[in-house]
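Hi,

Here is the structure I promised to pass on.

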Amino acid sequence: MEPHGSGASLLRVPLPAHGGAVAILDVARSAVLATLDAHTDVVRCMCALPDGGLATGGGPQDRSVRVWARSQWEDQPREERGGDAVPVRREATQTLSAPGYVFALAALPDANPGGSKLFALACARYNTVRICL
């Protein structure tokens, strides 16, 4: 970390040049928990999921939505991740190619009074919304 301005700090996050990665940060600890690197193009949109996971939508060349489980970036002992190295995850829990290139993602949780952990994922592009998962 480097000092920046009035008491704030910069956190250097190494990401691949192709732009298809997302860094998961713990802002309170000023730490990079993991890098999610499965898209072959820029990451166009993201959405937090009700189960604690994350959905990411790739750019026009990638044309996929990746669903990541929280366990893919939760804290791991340093010995398991090679000292201070930030873990890089290259495989999402689930890859959805049917939505194609999307501009926005939204999680739609189950509205049942009993409250299940199920949810749908809405993927939007231009004037079309597809419901997935």
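This is a predicted model: local features need pLDDT of at least 70, side-chain atom pairs count only at pLDDT 80 or more; totals for chains, interfaces and linings use all residues.

Residues are numbered from 1 along each chain as its sequence is written, and side-chain values use heavy atoms, with hydrogens and water left out.

**The three-stranded sheet**

Strands here are DSSP runs of E with at least two residues, numbered from the N terminus, and two of them pair if DSSP finds at least two bridges between them. With that in mind, look for an open sheet of three strands in the order β3-β4-β8, with mixed pairing. Its edges are β3 (21-26) and β8 (88-89), each of which pairs on one side only.

β3 and β4 (residues 31-37) run antiparallel and are joined by six bridges. These two strands make a hairpin with four residues between them, and serine 30 in the turn has a positive phi of about 50°. Across the pair, alanine 21 sits opposite aspartate 37, and valine 22 has leucine 36 as its bridge partner. On the β8 side, β4 pairs in the parallel sense over two bridges, and there leucine 36 stands opposite arginine 89.

How much of β4 is buried? Six of its seven residues are, where buried means under 20% relative accessible area, exposed means over 50% and partly exposed is in between (1.4 Å probe, protein chains only).

**Two aspartates to look at**

Aspartate 37 lies in β4. It counts as buried because its relative accessibility is 11%. Its side chain makes a polar contact of 2.6 Å with the side chain of arginine 90. By polar contact I mean a pair of N or O atoms within 3.5 Å; within protein, one must be able to donate a hydrogen and the other to accept it, and residues adjacent in sequence count only if both atoms are side-chain atoms.

Aspartate 26 belongs to β3. Its side chain is joined to that of arginine 29 by a polar contact of 2.9 Å, and one of its side-chain polar atoms lies 3.2 Å from the backbone nitrogen of alanine 28. Leaving out residues up to four places away in sequence, aspartate 26 touches Ala31 and Leu33 (contact means heavy atoms within 4.5 Å).

**The four-stranded sheet**

The other sheet to find is also open, with four strands in the order β5-β6-β7-β9 and antiparallel pairing. β5 (43-48) and β9 (94-96) are the edge strands, each pairing on one side only. On average, neighbouring strands of this sheet are turned by 20° against each other, direction ignored; the axes are lines fitted to C-alpha atoms, and angles run from 0 to 180 degrees between N-to-C directions. Three bridges link β7 (residues 65-68) to β9 in the antiparallel sense, with arginine 66 opposite threonine 95.

**The cores**

A nonpolar core is a set of buried Ala, Val, Leu, Ile, Met, Phe, Trp, Tyr and Cys residues joined through side-chain atoms within 4.5 Å. The largest one has 13 residues, and Leu49, Val65, Leu105, Leu121 and Cys123 touch the most other members. β5, β7 and β11 (119-125) each supply at least two residues of this core, and β11 gives the most, with three.

**The cysteines**

How many disulfides are there? The count comes to zero, taking a disulfide as a pair of cysteine sulfur atoms within 2.5 Å. For cysteine 45, the closest cysteine sulfur is that of cysteine 123, and at 7.8 Å it is too far for a bond. Cysteine 47 is in no disulfide either: its nearest cysteine sulfur, in cysteine 45, is 8.5 Å away. Cysteine 45 counts as buried at 9% relative accessibility, and cysteine 47 does at 10%.

Over to you!
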